[in-house]
Amino acid sequence: MNKKNRFRDSALRLSGISRLSKHGHRVKPGELPGIEHIAAALTAPEAGSVAISYIDYSASHIETGDITNLDAFLDKPLPSWAAVRWINVSNMHPYVINQFRQHFEFHTLTAEDVLHVTQRPRVENFDDHLFVVLRMLKLVQHDAEGVATDSLLDTEQVSIFLYDKVLITFQEKPGDVWQPIRERLQTEGMRIRKNGPGYLLYAMLDAVVDHCFPVLEHYGDLLEDLEIITLENPSPDVLRRIHCVKRELALLRRIVWPMRELVDHVYREEEGRINESTRPYLRDVYEHTIQIVEIIESYREIASGLTDLYMSAVSNRMNEIMKVLTIMSSVFIPLTFIAGVYGMNFKFMPELSLRWGYPVVWGMFVVLTLGMVLFFKRKGWIDRR
Amino acid sequence: MNKKNRFRDSALRLSGISRLSKHGHRVKPGELPGIEHIAAALTAPEAGSVAISYIDYSASHIETGDITNLDAFLDKPLPSWAAVRWINVSNMHPYVINQFRQHFEFHTLTAEDVLHVTQRPRVENFDDHLFVVLRMLKLVQHDAEGVATDSLLDTEQVSIFLYDKVLITFQEKPGDVWQPIRERLQTEGMRIRKNGPGYLLYAMLDAVVDHCFPVLEHYGDLLEDLEIITLENPSPDVLRRIHCVKRELALLRRIVWPMRELVDHVYREEEGRINESTRPYLRDVYEHTIQIVEIIESYREIASGLTDLYMSAVSNRMNEIMKVLTIMSSVFIPLTFIAGVYGMNFKFMPELSLRWGYPVVWGMFVVLTLGMVLFFKRKGWIDRR
Amino acid sequence: MNKKNRFRDSALRLSGISRLSKHGHRVKPGELPGIEHIAAALTAPEAGSVAISYIDYSASHIETGDITNLDAFLDKPLPSWAAVRWINVSNMHPYVINQFRQHFEFHTLTAEDVLHVTQRPRVENFDDHLFVVLRMLKLVQHDAEGVATDSLLDTEQVSIFLYDKVLITFQEKPGDVWQPIRERLQTEGMRIRKNGPGYLLYAMLDAVVDHCFPVLEHYGDLLEDLEIITLENPSPDVLRRIHCVKRELALLRRIVWPMRELVDHVYREEEGRINESTRPYLRDVYEHTIQIVEIIESYREIASGLTDLYMSAVSNRMNEIMKVLTIMSSVFIPLTFIAGVYGMNFKFMPELSLRWGYPVVWGMFVVLTLGMVLFFKRKGWIDRR
Amino acid sequence: MNKKNRFRDSALRLSGISRLSKHGHRVKPGELPGIEHIAAALTAPEAGSVAISYIDYSASHIETGDITNLDAFLDKPLPSWAAVRWINVSNMHPYVINQFRQHFEFHTLTAEDVLHVTQRPRVENFDDHLFVVLRMLKLVQHDAEGVATDSLLDTEQVSIFLYDKVLITFQEKPGDVWQPIRERLQTEGMRIRKNGPGYLLYAMLDAVVDHCFPVLEHYGDLLEDLEIITLENPSPDVLRRIHCVKRELALLRRIVWPMRELVDHVYREEEGRINESTRPYLRDVYEHTIQIVEIIESYREIASGLTDLYMSAVSNRMNEIMKVLTIMSSVFIPLTFIAGVYGMNFKFMPELSLRWGYPVVWGMFVVLTLGMVLFFKRKGWIDRR
Amino acid sequence: MNKKNRFRDSALRLSGISRLSKHGHRVKPGELPGIEHIAAALTAPEAGSVAISYIDYSASHIETGDITNLDAFLDKPLPSWAAVRWINVSNMHPYVINQFRQHFEFHTLTAEDVLHVTQRPRVENFDDHLFVVLRMLKLVQHDAEGVATDSLLDTEQVSIFLYDKVLITFQEKPGDVWQPIRERLQTEGMRIRKNGPGYLLYAMLDAVVDHCFPVLEHYGDLLEDLEIITLENPSPDVLRRIHCVKRELALLRRIVWPMRELVDHVYREEEGRINESTRPYLRDVYEHTIQIVEIIESYREIASGLTDLYMSAVSNRMNEIMKVLTIMSSVFIPLTFIAGVYGMNFKFMPELSLRWGYPVVWGMFVVLTLGMVLFFKRKGWIDRR
């Protein structure tokens, strides 16, 4: 049944939240931490399943390419002209992550966090690198059996390692989230080409935060629609949809809150990985995260208010139904009683033999009805139907 | 239909909030930050579309004028007698902002914030200037098809740059928000003439904060009206209006909260741009922002209480309807039954042949009715109709 | 109409809150700050409209008097024997405040705050004096057309300047709020005579805070009354009264919260204006303000609980009404149907000719009625009427 | 009436809270602070009305006794063998408190706080002593007219002065709250005998905190009972009881919260009045207070959930009533209509003369009834009765 | 009765919470603190009732065994090859705890906390050891009389002492919670073998925190189920189950919150008991606790939303019932009235003699019915049944 399917869909979304608990940790409680034992059990992934590409650039030169033999590539030194090297890995694999871990000497638990794609956004400061976990937001359209359902919120984890000259990014899913940045890199004279990997990190943070705005817009539009529906025609489905929006706004907040801290942390980074000239840009991103948090809070309040509005609309509808019932009953019950009286079979009922008995009774019917109608008009129950 | 229009209007207000998300960021996620690339694509605006005026003043002299050739004006030095120069730009244009940016050497992102008119109120401390973004509140009256609707809250962004001797203001829309300040400047001997640009900044903050009070008054009056209506005659429309007031108070709070921080930040500014003698004035403005925040909180609580009041009024109305139905039914149903009994066609019904049968039945009718009425009086259902 | 009047009265109270916004600022946004320009436009007030009195005292001497010529009085030095001078101004006037401002050299904005009687309680530390704004609470009885209404919360602003040897107080309204202090001053040997103006300030803070307790008691009693009414006989008026109590408790909290900070601030004053021996007394006042805040919070929670209680009482009442209707209908509708059956005019209805047909039908009536009554008894609907 | 009495009782409890405001301050606002003027107006209390006892002890010796002549006792020095002297005063009197104040030189306001028995739990650090105010919790059983009512929460104030070798305790009411401590003191070799007055203070704090647990257990049991009643048989009385539990839990929290701070304050005491070896014990008490606070918070949440449960139970009951009414009406109203049709007296009604007319109508009755029953079964209204 | 049993079961769970108050303290208020007096009253436990085992290990060697003679074992020194000794005690006994206390010289109150198994998770820093109390979560399945009930949350206390080379663990109940750790220890070359007791402590914290995830998953699934049921078929039982989930989530939060602090405290431990190389691992555990806390908060919000959904479902059901009643009554009451009119026995009712009177009345019946149906269709009451 169609209705059931939509519920199931709504349940799916809930798991969208609880998924964080399902894969956010090792498979079995008490299992070994770290990534070596997972990587050791595996061989290199099949060609094509993991895409690794690199961009070496400086203000004047740029070179891009795909990496097929990772070990060979990592062993070669950075070309002398290159100011920044950016390696991007998408659709990752424990074996590949372990290769990077061995070469760039990052911590086995950090490698594990890259693999387990349900981390909270956060930043960690290591001696020779900065580790950043982000969540990129997406809206997934969802048409079930011809019914236009509200779209679903989906998130993708992005892990970033910032070294002195190298920046490595790991994407959860294929698809190019960094396309606009890549295009800017190709254009000579751009600010991004003249700056170090810190500015590249900023550009990524900025892209991730900017991705939140269309999502917010979507929920703003949804709330507007729901408000109009609630006021005009509150079907039982409305509350379910308000409930879903609330739940997804809660999820959104859980993702954006730590992002705010994260950007602030990168902004205040003191090891010199972030240039002084990059800081104002990070501050700008920080302002955006605050703005997003505030908009989410507003939306949550509006959603709460909609629940009240809906409940009151239901009450008003009940009132209307009751009014109709009461008016109908109150008008006709006395009339029926009078008709019943003159349907009695007593031998001695003088009225029955009267010539004008029947018209007089009809007169009473009319008078009583008018009286009741007047009474209900005074109560204001009829005008407002 | 009129009703629909009012809902659409209410939806409009919601977008009034979500607009913050719609234009508060660059058009496409991942787009280039900064203003140069926008300005570069444009030529100077048509004459008249952007109004730029200046006031140079000291305790003894004052000179005002409109600027037509901006570059020429900016290249000329400040007259030696002038203690303060105030340049005001209204209805701004990326090209013009970029001209100012090049001359006054402020950051490209700051220039972008001036252009994107949905920033949160905030202050930023740069080496040689202070950057302040404010939101000026306004109430827009809104008469749709002869129906007096509640007025809408509108906001306008004002950006201020405070340099050692120069203060530049950018207004989002034309119309003179600074008129009272301009008048005071014209009057010799005024405190504002004797003080530097810090005091001018104070005068502007004070004007912006003072503009909040009439808005608050408006919402106070609205709440009073809604309270009276809720208690006297709670139509379904009331909750919608309460909902709107809540939403606008939430927006108001989101605007005033950062204003409080902002004023405190300017008050604590340590680079000497604010004179010691100006500080008590800023403190006064700070007290006003706290007062506004507290009044908003009170109003929010009152609005919440009104929702409860409305819900209870609806319940009471339902009770009243039910009482009428119950009284009518309970009185007439037994009577109708008795009439039905004596309408039966049994051959042997001794009562039917009795001479006084019919009057006795009428007696029963009267007694039963009185009994029910007494019963309901005791229950307190009739007296309180 | 009487009912309307009470609503209007309730609206009045709301303005009691919004009044803070109506007079808490200058008349027109953007108007000139400070008091000189107001005072300059005025001449000295008429004799008698502003009452100014003074008390000079030391441990051994005391001298009191009314001041008519203020300038002359202020020019005379303090008598050598006097340890403390206390000047009290009631029913103030801009001209008089300006006279004090000129003589005691306090800030023009401070003078303005004395005049605009809707400041938040606060304390400000200046180089040579301490400025304290307090709010004194009062309950105003309010009998409208013989209806005993709940009393109204009213507040009065008191401004205090504490100099080395002089303490100046400005009262908003005439009437002697300081009478008990004045009496203690008259008694030789009292602690207040032996201590400086800091102790006098303490005595005033203590008086203001102590004035809160009868107000709290009033609301405690009101809540008790409302609780009994809600449980015994919840009329629609109850929720309005609960709503009013909530609103006034919110106002109360808004006034007492800053008082707590204020007393703490005076307690921690470091410029030596408060003696070491006076500090324990201030700490005592501080404890009282905390106690008041906690009691207000309790009362707010109780008031919230009362709303729930009321709503549930309304629901229970509805249930009761529904039960009566259901019992009446369910008992008589089947009976009426049976009577209807035997009122049909079919030619061949064998029962009609039976001798015992009519009594048997009566038997059915009785059996059916008993059955329904039993059914409702089992449901527990009858016992609990 | 019994019901009224229970309400009155419930009102009594509310005053149990507001009592804090009734006696927590001097009788008249603006009255003289301190205790001397109260004590001066009184003579020594009658013998027997105030019980004062002392215990002098060291690791090896112990001596206990009652004090009749207080001044004489206080003038005698502590015996040289005694490590600690503990004086306990129960049922106190201003005159006696003043005697202690004069001898131990504590502050007049502190003495006043001992007398006014509605202080918040708190600790104050003086130069030569520590002053601690505690509230001991008690449950008072309350049987009104044979109705088992919920017991009442009662509190008693205990004030403690900790000097170098002397510890003085003032109890609000007679009755020995310290009995277990006294017993432990009598046993040689106990840790309490080997330690100083700081450990004695710990033992007292521990006793007071431990007294909270049975009270919490009581409310836990009450909540369990209320939950079962709410689910099984929600009478209107339940919400009143939930309301009372909420109110008392709020009171409980108001008492325990400052206790937590108090214990922490004593734990961090730096003047050496608390031995290093006593600190771990105080930390243990601190852990207990945190546990109590957390349990109270849980209980408050459970009580809130019970209100929801009750409201939903009331709604379900209403639904059930409505179902019965709807089923009865919907089944019989159409039948009655048909009976009415054939009760009409038209001359030409062919059905009336048909031989099988009457049985066919009965057939229709049966079919219609079965149809309605089937309809309601499908709606799920009958199965779930 | 089955239903009652389930309530009793639900009550049991509540005691599951209040149990914390029942055994979280000494049996009688005011009783002696510490463990010696309890241990002194007991002899050594029977063989077999308390299981004590040990593991000595270094990177190269490992030796495990059960301890029968505890005193003898404790007196023997650690073998020189052993880097770490781990002693595990399950099903503890005051006598045994006291033996450990005497040998390892920990505080008597700490020993008491090991025994009283309802402590909050916390960590305490002593001079020569670290004391950690944890709560291990478990779900207990609960099938009462064939009814599948929701499983119960159960917790077990684990106490850990960390010395320089020795780590002692006390389990509340038998059963091996440490099995995965033990297995890892047996495998040579594992990281756990190369590190000190600090890493072993980490492994334990990690195991305890990892145990939370399946519990969270359980509640996530439960909430999904409840959401589907609420939307499809809201029986009165649903709210009870939501209430239970809320209560258990509150309990969960009360347990996990202090765990977060605890892990942070161990992470920041400065006495060198935690290696630098172990810290990143603890940080990882800390991230997990934050994630758990956030998921619990989400679940609590979802549960709150479900209450709203349920309430609205109940209201909608009521609306549906009312609609049926109103439609049935409104259609048939006027018809019955008309039938009643022509059942009257007036002598002069011209219609009765008309040939086409009866068919015309039937026409009226049909027209009226169609009119009402149309009316209700327009109101939207029929289409949406």
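Biologist: Before we turn to this predicted model, what makes two rings of Phe, Tyr or Trp pair?

Modeller: Rings of Phe, Tyr and Trp, the last through its six-membered ring, pair if their centres lie within 6.5 Å. In this predicted model, ring pairs link a cluster in chain A whose members include Phe100(A), Phe131(A), Tyr163(A) and Phe170(A). Over all chains, the count by this rule comes to 93 aromatic pairs.

Biologist: Which parts of chain A does the pair of Phe100(A) and Phe170(A) tie together?

Modeller: The two rings are 5.4 Å apart from centre to centre, with 80 degrees between their planes, and form an edge-to-face pair. Phe100(A) is buried at a relative accessible area of 0%, and Phe170(A) is likewise counted as buried at 0%. Because Phe100(A) and Phe170(A) lie in elements that are 70 residues apart in sequence, the pair ties together helix α4 (residues 94-104) and strand β9 (residues 166-171) of chain A.

Biologist: How are the planes of Phe337(D) and Trp362(E) arranged, stacked or edge-to-face?

Modeller: The ring centres of Phe337(D) and Trp362(E) are 6.3 Å apart, and the pair crosses between chains, from helix α11 (residues 279-341) of chain D to helix α13 (residues 357-378) of chain E. Phe337(D) is buried, with a relative accessible area of 6%, whereas Trp362(E) is partly exposed, with 31%. Since planes over 60 degrees apart count as edge-to-face, the 80 degrees between these two planes makes the pair edge-to-face.

Biologist: What kind of rotation axis relates chain B to chain A?

Modeller: Chain B is superposed on chain A, with an RMSD of 0.1 Å, by a rotation of 72 degrees with 0.0 Å of shift along its axis. The two copies are thus related as by an axis that is five-fold.

Biologist: Do the copies A and B meet through different surfaces or shared ones, and what percentage of the interface residues of chain B are also interface residues in chain A?

Modeller: The copies meet through different surfaces, because the share of interface residues of chain B that are also interface residues in chain A is only 14%.

Biologist: Which residue of chain B comes closest to the rotation axis?

Modeller: Judged by C-alpha position, the closest approach of chain B to the rotation axis is at 4.5 Å. The residue that makes this approach is Gly343(B).

Definitions and conventions:
Residues are numbered from 1 along each chain as its sequence is written. Chains are lettered from A and ligands numbered from 1 in the order in which they are written. This is a predicted model: local features need pLDDT of at least 70, side-chain atom pairs count only at pLDDT 80 or more; totals for chains, interfaces and linings use all residues. Side-chain values use heavy atoms; hydrogens and water are left out. Copies are superposed by least squares on the C-alpha atoms of residues with pLDDT of at least 70 in both. Contact means heavy atoms within 4.5 Å. Rings of Phe, Tyr and Trp (its six-membered ring) pair if their centres lie within 6.5 Å; planes under 30 degrees apart count as stacked, over 60 as edge-to-face and the rest as tilted. Helices (H or I, at least four residues) and strands (E, at least two) are DSSP runs, numbered from the N terminus. Buried means under 20% relative accessible area, exposed over 50%, partly exposed in between (1.4 Å probe, protein chains only).
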